[in-house]
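Please walk through this structure with a pocket and a helix pair in mind. The sequence and the model come first, and the explanation follows.

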Amino acid sequence: MSDERSNAAPPGRGPARWILGLFPLALLAGLVGFFFGADPTAPFRDAFPPVEDLTIERVSFPESGVMRVHVVNGGPEASTIAQVIVDDAFWRFEIDGEPTLPRLARATLELDYPWVEGELHVIRLVTSTGLTFDHEVAVATISPRPNALYLTTFGLLGLYAGVIPVLVGLLWYPFLRRIDRKWIHFYLSLTVGLLAFLVVDAFEDTLEASALVPEGFQAAGLIALGVIGAIVGLRALGNLGRGKGGGSGASPGLTVAYLIAISIGLHNLGEGLAIGAAFSLGEIALGSFLVIGFALHNTTEGLAIVAPVASKRPALRHFAFMGGIAGLPTVLGAWAGGFSYSPTLATFFLALGAGAILQVIVEVTRLIRKSWPQGLFTPLNATGLLLGLLVMYGTALMVTA
């Protein structure tokens with residue numbers, strides 16, 4: 001025993017331990033600085049043309065005859081915008097800064113161009129090295145401005161698609177209170193089915209948005225940050241809600257219900273982004289189908305929120321809080337998507353929603369197993385799970401119609 005103590009390292013005292021911890025980082029910083037200072041890659045850059053990757057994130061039309069092109073440099077090197085071609089014609093432009101964009105920098109180009117309402121326009125950027133980058137505007141239309149009219153309009157779309165349907169779904173609580181315990185487990189299993197379909201749908205939306213992310217922003221890294229961050233964060237919130245680490249010690253069912261509300265809220269933020277972007281781009285029919293489809297989705301998601309507390313009597317304020325947490329992000333997403341859609345942020349938030357739903361599936365499954373040892377795999381519970389998948393599939397058909 002004495003030998004073990006004599007061989008053990010003494011505990012750190014004062015600033016010495018922090019110096020020991022920061023010393024490797026200082027060496028690493030010095031190595032990086034020396035690499036860029038010495039620049040051993042210079043012969044390769046002199047022999048090969050620069051790698052450029054400009055991305056047109058969106059094109060807005062603030063008024064008739066004016067076009068704004070929002071560009072980001074996602075390549076590894078600086079890139080200079082030399083010319084702009086619109087519909088096969090070279091056009092003069094003004095830029096909010098220098099025409100040379102450093103890596104990950106953004107710029108807005110403004111053109112006095114006689115665009116046509118409802119018509120297709122093709123924008124092509126030409127760099128100083130002669131490389132070209134194209135973007136197609138399917139429907140040219142006046143872009144929404146953040147004024148009272150459009151704030152109200154996008155807010156109402158978020159209410160129709162997210163807040164009201166979730167609150168309607170919460171009205172299943174009195175029904176769930178009056179059914180046998182085995183049927184409560186059936187609806188909890190149905191909740192797992194709803195969420196399982198939702199997580200697949202969320203991953204699909206995430207991958208679709210990530211295809212538009214500039215390469216320099218590392219879409220795969222954004223997805224990893226969102227998914228893992230949501231799982232870890234919700235797991236920590238779940239432990240806090242159960243009273244671990246000095247929490248409030250809320251009932252497991254209420255904790256899971258709040259976690260479901262949070263995960264659905266994160267997912268609905270992505271749905272709001274899609275709705276806002278569709279209407280701002282002039283795709284009115286698509287935007288309307290999105291509102292209808294997401295409304296049907298979110299009504300069933302309201303059922304998923306109240307199922308874990310079917311055997312409890314939570315205070316009325318909890319239903320108001322959970323409905324707001326799950327539904328209001330749709331409004332925020334509609335505003336963000338309508339006025340300033342960004343594929344980079346959309347990818348991150350969609351990944352965040354996917355990871356949150358994945359973690360909540362684990363929490364609901366654990367809640368079922370706690371009071372029903374066979375979990376999801378009784379005939380009744382398995383039927384509920386499959387029915388949840390079918391219900392979500394049926395409502396999803398309205399989104400893609």
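A pocket, as the word is used here, is an open set of grid points with protein on both sides within 12 Å along at least five of seven lines. Its volume is the space filled by probe spheres set on those points. The structure is a predicted model, and its second largest pocket has a volume of about 240 Å³.

Which residues lie nearest the centre of that pocket? They are Arg 181, Ser 311, Lys 312, Leu 367 and Ser 371, out of 14 residues in the lining of the second largest pocket. By type, this lining divides into 7 nonpolar, 4 polar and 3 charged residues. Three helices each supply at least two lining residues: helix 6 (181-210), helix 8 (252-280) and helix 11 (343-371). Helix 6 gives the most, with 4 residues.

Helix 8, one of those contributors to the pocket lining, also packs against helix 4, which covers residues 148-170. The angle between helix 4 and helix 8 is about 145°, and their axes are 10 Å apart. The crossing of these two helices is right-handed. On the helix 4 side the contact is made by Phe 154, Leu 157, Ala 161 and Val 166, which meet Asn 268, Ile 275, Gly 276 and Phe 279 of helix 8. Of the residues in this contact, 6 are nonpolar and 2 polar, with no charged residue.

The mean pLDDT of the protein chain is 83, and 88% of its residues reach 70 or more. Over residues 244-248, however, the pLDDT is below 50, and this stretch has 6 contacts in the model beyond near neighbours in sequence. Where pLDDT is low, predicted coordinates should not be read in detail.

Definitions and conventions:
Residues are numbered from 1 along each chain as its sequence is written. This is a predicted model: local features need pLDDT of at least 70, side-chain atom pairs count only at pLDDT 80 or more; totals for chains, interfaces and linings use all residues. Side-chain values use heavy atoms; hydrogens and water are left out. On a 1 Å grid over the protein atoms alone, a cavity is a set of points where a 1.4 Å probe fits but cannot get out, and a pocket is an open set with protein on both sides within 12 Å along at least five of seven lines; lining residues have an atom within 4 Å of a point. Ala, Val, Leu, Ile, Met, Phe, Trp, Tyr, Cys and Pro count as nonpolar, Asp, Glu, Lys and Arg as charged, and the others, Gly among them, as polar. Axes are lines fitted to C-alpha atoms, for helices over the stretch in contact, and angles run from 0 to 180 degrees between N-to-C directions. A crossing is left-handed if the near helix is turned anticlockwise from the far one by less than a right angle, and right-handed if clockwise. Contact means heavy atoms within 4.5 Å. pLDDT is the predictor's confidence in each residue, from 0 to 100.
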